[in-house]
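Work each one on the coordinates before reading its solution.

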Amino acid sequence: MPTRKKLWPSDCVIWGTCKGMGRTVFFGIDGLSHTMWRDLADSGVMPQSAQLIKESQLVPMRSAIPEVSSVAWTSMVTGKNPGGHNVFGFTDIPDNSYTLAFTSARTVKAPPFWQMEGWGPSLVMNVPQTYPAQPLDGTLVAGYVALDLAKAVYPAARLPVFEEVGYDIDVEMALAWTSPDRFFAELTRILEARSAALDILWSQADWQTIAFIITGTDRLNHYFLDHYEQEGALRERFLDFYSSVDAALGDMVARLADDDVLVVVSDHGFELQEKVVNVNHVLKEAGLLVLDDGPRVTPASMQPESKVFAMDPGRLYLHRSDRYPKGQVGPGDESLLAKISELFTGFRHEGKPIVERIELGKDLYDGPFSYRAPELVLMPAQGVSFSGRLKSDGLLEDSYIVGKHTLEDAVFLCRSPNAVDLPEAMTVFDVLPAMNAAREGIVE
Amino acid sequence: MTDPAQHNAGKTCWNCPAVEFKGHVDFRACGQAAFSRAAEGQLVVECKRREEIGYFDPMSITYDACPEYEATEFGYLLRGMRVMILGMDGYLGWPLALKLAKLGCQVFGIDNMLRRELVAERGAQSVLPIGSMQERIESARELLGVEIDFRPIDLCDREEFFAYVEEVKPEAFVQYAEIPSAPYSMASVETATKTIYNNNIGTLNLMFAMRDYAPEASMIKLGTMGEYGSPLTGRPLFEGLFPGDAVLQHGDDEWSLGGELVPRDPVSFYHVSKVQGTFTMYESCKYWWLRGIDVMQGVVYGLHTPELMTDPSLNTRFDIDEWWGTVINRFVAQAVVGAPLTIFGSGNQIRGYITVADAMQCMIRLLASPPEPGQYEVVNQVTDVLSVRELAQTVARIGRDEFDLTPTIQRIENPRVEAEEHPYEVIHEKLEKDFGFSSQSNVEDEIRYMFKRLMEPSSRELIEASRDTLFPKTLWSGGEKTLEVVEADLDY
């Protein structure tokens, strides 16, 4: 049994009298690291956060493996690990095919909390991996990856609310390198539109549950973290956006009653990226991955003699005969797994390792979909980002991205009227149990 | 050579009209999106037929791996593809409708019935009896077991056409709704205007309808070999549109286009309208990421396809007058009623030809393999390259030797402005190489079949009734006159 520590919000003795009666607010700040939040709160950039942190219990949290948003958010809202909810990354190859598909709400095989009994009516805004919008007792606008607003909104009758405020799900990425000015302006505009939609919808129903995620922070960190970390020219604009996020959080807090439960979370930490390593390039060089020649390389380009391939970020899948049309590898080929592990463990670039460690899929995942898991997951060395592109021109890939995710240092904050027990080392898989505990006073 | 039955097996969803472009995504930046088609990142689409896949990389599914495609003798074909034929009442529109319907496509068509009207105005008629469109559709239902949806809509009537496109959301269009007559376009300012308006506004309406209601559809537009002209330099007729300073290669030769159009050199206002149509289509593909194939078709002749041969009630129209009949068809009709076969000037003008049956095979293969979004493609659709004199001699010989006729051949003064002596080399490689096309016809057999049909009493009577329209009289310089016979009774 994991050790647990008791979290006592400062005035929960008073709130304890009204447990389970209030609303639950799940407030997400995508890509916010625990370290950065503390720093920005302490330095006065995020004063509302500073006040909230004082009133709440804040702990660092470990993300999911791999440490990508689709997996982490789905794990938080379902309370399952990928073996239980079926999302192992942003990309997926359906069984017995080479279709490079992208995970979506249809991929998720476990219900999120807003579809569970006792949580509705719910207002769900911008939670990643919820596109296309699925029916619920309430209103939902999906978060990324969602390229079509009309399909991102449920019920469809709510679409005009979003259209009228100029709602966009995401900021156009190319602006980050073609026009940073417009990129920052768009981040702010989209945050304001999201908040405006929240304002309108807030009063339209007696919401029992509200999930509201700010995702601009993740985009900002990916493209401009160096300006923050290294005193770059755009540092003030970087901080301005975090101030806007803080204000949005403050507005939310101001709306809440004493008996409401507030959880603030992020999905992973962040650090500066030094290089992007193409994992499939390493496999090709080692003769473990053989592709057809051609200008367009896709999973269908894999030759039968391919033993293994990678998908973003560092997921390694054996080219198994029971999963892929041309696969010839038997499941659980231990000697092959050992050979692959040895390849990456011993791999050096400019004298430095590219992996910190290698995880076995069978150790990471359990549940009905664990058979779809990668056999191995490469955990990157500091500053290393993995790419699972099949097409490669060399070991390293060029990228406009300067910031990368980290497994550690995500955020979990809880302010609730009830005492909450949390695991010693909080993970994204513990978020839903913790929310249940905050609502009911019991940790399952 | 591509295996004809498998020529498009390796095409992917990026070529498929059932797929909708959604954007580009960078998954290393948490799936951040870019919506411009020219953006970087992972290309993302959705399939309108298989929504359960969600977003996916369109290059990762090939036609042979997709359950929505079925193998046919023309390659993999999108199951139940919705094809809209513009100009379905015409010589080519109707046989294409029948063939597509037999292949399981959902066929929709429009026509303003203008061709019937214009032929009647000229005092002529189809010499194969044809029923109304409704009657022919009913026959197709009874005899072939197919359903065809037809609306009497003018392509130039934007409101009605757009509404129909929005309703059907076609996955492919075939643009046959053009006035296809060079002499008609040269007859008067009214006929020239009508040709230019009908052909160019119609095509423009099609482009805008596609942009707004069916952007993933593919289109096949009928161009004509006549757009190229017949360059006196001997430059082959390359398949495509090229920059004016391009240097093109064919075999061991290099050809510079410096000083030429690109290369287009139309030979009548009808051909001008076709060149304009080419550029309308090219620009639309460029601006709006539409996709299409411009078919530079040779002169079509003949009257049989497996579907047309089922029953006379399924006949397609067959015109033989000066304005609306094509050259081989007219020669056979002239021979049948004992009128001289008339050739212009020297008769050494060389052109490309193709039978209806081969043209239909090409069209199905092109429909089965759309270009990628934004791609404008050109194919030269001809099978035989022959001089007019050779053709007249072949028709006369077959009429005499096999049908007991006594045809004569006349050279008459040339009413057109065109080179009568010129080199002519057509490059027509793409259909065979990229689309698996293989001709199933030959000139002599097709001429024999035409004689058989046109010598039936019903057709012979109709040709006799249109006899006055067989002899050409429209001048490129304006007006009409009885053309002088330069040489009578040519040998054959």
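**Exercise 1.** What distance separates the centres of domain 1 of chain A and domain 2 of chain A, taken over C-alpha atoms?

Solution. The model is predicted, and local features need pLDDT of at least 70, side-chain atom pairs count only at pLDDT 80 or more, while totals for chains, interfaces and linings use all residues. Residues are numbered from 1 along each chain as its sequence is written, and chains are lettered from A and ligands numbered from 1 in the order in which they are written.

Step 1. Take the domain bounds, which come from an automatic or database domain assignment: domain 1 of chain A is 4–272 + 404–440, and domain 2 of chain A is 275–398.
Step 2. Between the two centres, over C-alpha atoms, lie 30 Å.
Step 3. The contact (C-beta atoms, placed from the backbone, within 7 Å) involves 23 residues from domain 1 of chain A and 28 residues from domain 2 of chain A.

**Exercise 2.** Which element gives the most to the side of domain 1 of chain A that touches domain 2 of chain A?

Solution. Step 1. Helices (H or I, at least four residues) and strands (E, at least two) are DSSP runs, numbered from the N terminus.
Step 1. At least two residues of this side come from each of α5 (82–85) and β11 (269–272) of chain A.
Step 2. The most is given by α5(A), with three residues.
Step 3. By class, this side of domain 1 of chain A has eleven nonpolar, seven polar and five charged residues. Ala, Val, Leu, Ile, Met, Phe, Trp, Tyr, Cys and Pro count as nonpolar, Asp, Glu, Lys and Arg as charged, and the others, Gly among them, as polar.

**Exercise 3.** In what order do the three strands of the open sheet in chain B stand, and why is one side of β2 and of β3 left without a neighbour?

Solution. Step 1. Two strands pair if DSSP finds at least two bridges between them.
Step 1. The order is β2-β1-β3 (chain B), with antiparallel pairing.
Step 2. β2 (32–34) and β3 (42–47) of chain B are at the edges and have a single partner strand each, so one side of each lacks a neighbour in the sheet.
Step 3. Strand β1 (residues 19–26) of chain B is joined to β3(B) by six bridges, and Val25(B) is opposite Gln42(B) in β3(B).

**Exercise 4.** Describe the contact between the chains.

Solution. Step 1. Chain B contributes 27 residues and chain A 32 residues.
Step 1. On the side of chain B that touches chain A, β1 and β2 of chain B each supply at least two residues.
Step 2. The largest share of that side, four residues, is from β1(B).
Step 3. The side of chain B that touches chain A divides into 14 nonpolar, seven polar and six charged residues.

Note on methods
Contact = placed C-beta atoms within 7 Å.
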